[in-house]
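Colleague: Could you walk me through how the labels on this model were assigned? I'd like to see each value set against its cut-off.

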Amino acid sequence: MRVHRATAALMVCAGVALATATAPASASAVSAPSSGQRVAVVDCAGKTLERPGSFILACGDGNNVLKSLRWSHWTSPSAVAVGMDMVNDCRPYCAAGHFHGYPVRVRFDNPQPRSGHSGQQHYTRVTLTYPADRPANTPRVVTTRLWS
């Protein structure tokens, strides 16, 4: 009986996690940190960072990295920086490709409680805005969820 209850509870939790992860950003509940609470961004290795000078966007292969980040603010609701988005053109394939830099404005926002880390908040969304040149087939503004 205990096994069935534990399995049922696990399935419910997995369903809620899946529904939350696949919900559009506008549909997710925003849990604002209490005043004075620090918010971080989580890197590929699961380490929390505040005001990083660089940040890997493509964890699997490192073919997209934000570099030379200069933060204008880092607050509970959001963090904003300017820097360079270094993107591998992967031509003719990624290992032989070349990195190209594009000026970019970076915004981390939508802070949420970090699962398994009591009292810790982390940004869950990044928006990149390219004021001039940008990578091929990339819109001027790109918003995507961050891992947690």
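Modeller: Let's start with burial: buried means under 20% relative accessible area, exposed means over 50%, and partly exposed is in between (1.4 Å probe, protein chains only). Keep in mind that this is a predicted model, where local features need pLDDT of at least 70 and side-chain atom pairs count only at pLDDT 80 or more, while totals for chains, interfaces and linings use all residues. Residues are numbered from 1 along each chain as its sequence is written, and side-chain values use heavy atoms, with hydrogens and water left out.

Colleague: OK, so why does Trp71 count as buried?

Modeller: Trp71 has 13% relative accessibility, so it falls under the 20% cut-off and counts as buried. Trp74 is buried too, with a relative accessible area of 13%.

Colleague: What makes Trp71 and Trp74 an edge-to-face pair?

Modeller: Rings of Phe, Tyr and Trp (its six-membered ring) pair if their centres lie within 6.5 Å; planes under 30 degrees apart are stacked, over 60 edge-to-face, and the rest tilted. Trp71 and Trp74 sit 4.8 Å centre to centre with 80° between the planes, so they pass on distance and land in the edge-to-face class.

Colleague: And why is the pair of Trp74 and Tyr123 called edge-to-face?

Modeller: The ring centres of Trp74 and Tyr123 are 5.4 Å apart and the planes meet at 80°, so that pair is edge-to-face. This pair links distant parts of the chain, with Trp74 in strand E4 and Tyr123 in strand E7, 49 residues apart. Strands here are DSSP runs (E, at least two residues), numbered from the N terminus. Tyr123 has 0% relative accessibility, so it counts as buried.

Colleague: Which residues form the aromatic cluster?

Modeller: Phe55, Trp71, Trp74, Phe108, Tyr123 and Trp147 form one cluster. The structure holds 7 aromatic pairs.

Colleague: On to the cysteines. How do you know that Cys44 and Cys59 form a disulfide?

Modeller: A disulfide is a pair of cysteine sulfur atoms within 2.5 Å. The sulfurs of Cys44 and Cys59 are 1.8 Å apart, so the pair qualifies. Cys44 lies in the loop between strand E1 (39-42) and strand E2 (48-49), and Cys59 in the loop between strand E3 (55-56) and strand E4 (64-74), so the link ties together parts that are 15 residues apart in sequence. With -85° about the S-S bond, the link of Cys44 and Cys59 is left-handed.

Colleague: Why is the disulfide of Cys90 and Cys94 called right-handed?

Modeller: The torsion about the S-S bond of Cys90 and Cys94 is about 95°, so that disulfide is right-handed. The S to S distance for Cys90 and Cys94 is 2.0 Å. The structure holds 2 disulfides, and with the bonded cysteines numbered in sequence order the pairing is 1-2, 3-4.

Colleague: Are these cysteines buried, exposed or partly exposed, and what makes them so?

Modeller: Cys44 is partly exposed, with a relative accessible area of 36%, and Cys59 counts as partly exposed at 36%. Cys90 has 23% relative accessibility and Cys94 has a relative accessible area of 32%. Those values for Cys90 and Cys94 lie between 20% and 50%, so both are partly exposed.

Key
Helices (H or I, at least four residues) and strands (E, at least two) are DSSP runs, numbered from the N terminus.
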